[in-house]
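Please read the following walk-through with the sequence and the structure open side by side. It moves from the loops to the helices and then to the charged side chains.

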Amino acid sequence: MIVVQWVVDRSSCFVVESSRWRCGNELCRRCWWAKCRDSRLVHEYPLVSKSLRYVAKQKRGEEADSPLTSHRCGAHLHGQHGHPSTGYEDLDHMQDHPADMVFEIELLSVETEGSYEKDVWSMTESEKRDAIPRLKELGNELYKAKQYMKAATTYSKAISCIEDLETREKPGGDAANVLYQLKEPLLLNYTQCKLNLGEYVDVITHTTTVLQHSPNNVKALFRRGKAYALSWRSQEAKLDLQRVTELDSSLKRTVTKMLQELDAEQKKRDADDRSMLQGKGMFK
């Protein structure tokens, strides 16, 4: 990772000392204040910048989608090279049109290992494996305390640990399947947090991922159906919720009530729309 390279290269700096260097897009070339860097660092920068922007928003107390929640499931591709979108127009442009970049870093403080929570990218394989059950338990505690945003971020970090480990395994192999079995309940917990937070697009995206692997997962169907209903996508909601009653008859009463409420609300919205259009003279 680019940040690892920065950390290694700045290891001789003193606190409050600054360092500047150029990263070349095509060729490594001599420059000023520090030795040159190769093009790999330029191409990785947009993803690093996305993570740094998330950290800055958190410190300002602003709500932000964690870069760790941008899991590989259903990633939106853009641009001529089909890169996953970062969610920032300027960073997407940089991915498609890399150019020479000049970086300047000031060392503000030094934290020793063990005094901070490591990011996923800096963990070893064994640290990731050890972190997964710990993060899941912490997420459960936060959820019970109704701290849904923090719980979602915690589950997301555990998911990212698993997804990083998955990249080392053969897709569809035994080891990859074992990892997915660890990931599925975390995805479901994450979607419940997002449902409580009213972030229905995230719910639909990640429950769909679960259903691609486990098409009869009742929790995923129920939560996606509810998210569809709350997003006024009534047809999709009905399909999911009706499937829930077929798989689990104990939920029939709950689902029937939800469908009745959905129909009643849809009729009210249709009536309001007709009234508004008639008021504008569009219907006689």
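The loop between α4 and α5 holds K146, and in this predicted model the phi angle of K146 is near 65°, a positive value in a residue that is not glycine. K146 has a relative accessibility of 63%, so K146 counts as exposed. Another positive phi, of about 60°, is found at W232, which is likewise not a glycine. W232 sits in the loop that joins α8 (218–230) to α9 (234–247), and because its relative accessibility is 36%, W232 is classed as partly exposed.

The axis of α6 and the axis of helix α7 (residues 200–213) come within 9 Å of each other and cross at roughly 155°. An angle over 145 degrees counts as roughly antiparallel, and α6 and α7 are therefore roughly antiparallel to each other. The crossing in which α6 passes α7 is left-handed. On the α6 side, the residues that meet α7 include Y180, E184, L187 and K194, while the residues of α7 that meet α6 include Y200, D202, H206 and H213.

K194 makes a salt bridge with D202, with the closest N and O atoms 3.6 Å apart. Which of the classes, buried or exposed, does K194 fall into? With a relative accessibility of 4%, K194 counts as buried, because the cut-off for that class is under 20%. D202 is buried as well, its relative accessible area being 17%. Salt bridges that share partners also link K128, D164 and R168 into one network.

K183 lies in helix α6 (residues 174–196), and at a relative accessibility of 8% it counts as buried. When neighbours within four places in sequence are set aside, the residues in contact with K183 are I159, I162, E163 and E166. With one of these, E166, the side chain of K183 makes a polar contact, side chain to side chain, at 3.2 Å. With another, E163, the side chain of K183 meets in a salt bridge, at 3.5 Å from N to O. Because E163 belongs to helix α5 (residues 148–166) and K183 to helix α6, this pair ties together parts that are 20 residues apart in sequence. Both E163 and K183 are buried.

The side chains of R129 and E125 meet in a salt bridge, at 3.4 Å from N to O. Why are R129 and E125 separated by about one helical turn? The reason is that R129 and E125 are four residues apart in helix α4 (residues 125–144). R129 has a relative accessible area of 37%, which means that R129 is partly exposed, and E125, with a relative accessible area of 34%, is partly exposed too.

As a general point, side chains of opposite charge can pair when their charged atoms come close. In this model the count of salt bridges comes to 13, among them the bridge between R129 and E125, the bridge between E163 and K183 and the bridge between K194 and D202.

Technical notes. Residues are numbered from 1 along each chain as its sequence is written. This is a predicted model: local features need pLDDT of at least 70, side-chain atom pairs count only at pLDDT 80 or more; totals for chains, interfaces and linings use all residues. Side-chain values use heavy atoms; hydrogens and water are left out. Helices (H or I, at least four residues) and strands (E, at least two) are DSSP runs, numbered from the N terminus. Buried means under 20% relative accessible area, exposed over 50%, partly exposed in between (1.4 Å probe, protein chains only). A polar contact is a pair of N or O atoms within 3.5 Å; within protein, one must be able to donate a hydrogen and the other to accept it, and residues adjacent in sequence count only if both atoms are side-chain atoms. Contact means heavy atoms within 4.5 Å. A salt bridge is a side-chain nitrogen of Lys or Arg within 4 Å of a carboxyl oxygen of Asp or Glu. Axes are lines fitted to C-alpha atoms, for helices over the stretch in contact, and angles run from 0 to 180 degrees between N-to-C directions. Angles under 35 degrees count as roughly parallel, over 145 as roughly antiparallel, 65 to 115 as roughly perpendicular and the rest as oblique. A crossing is left-handed if the near helix is turned anticlockwise from the far one by less than a right angle, and right-handed if clockwise.
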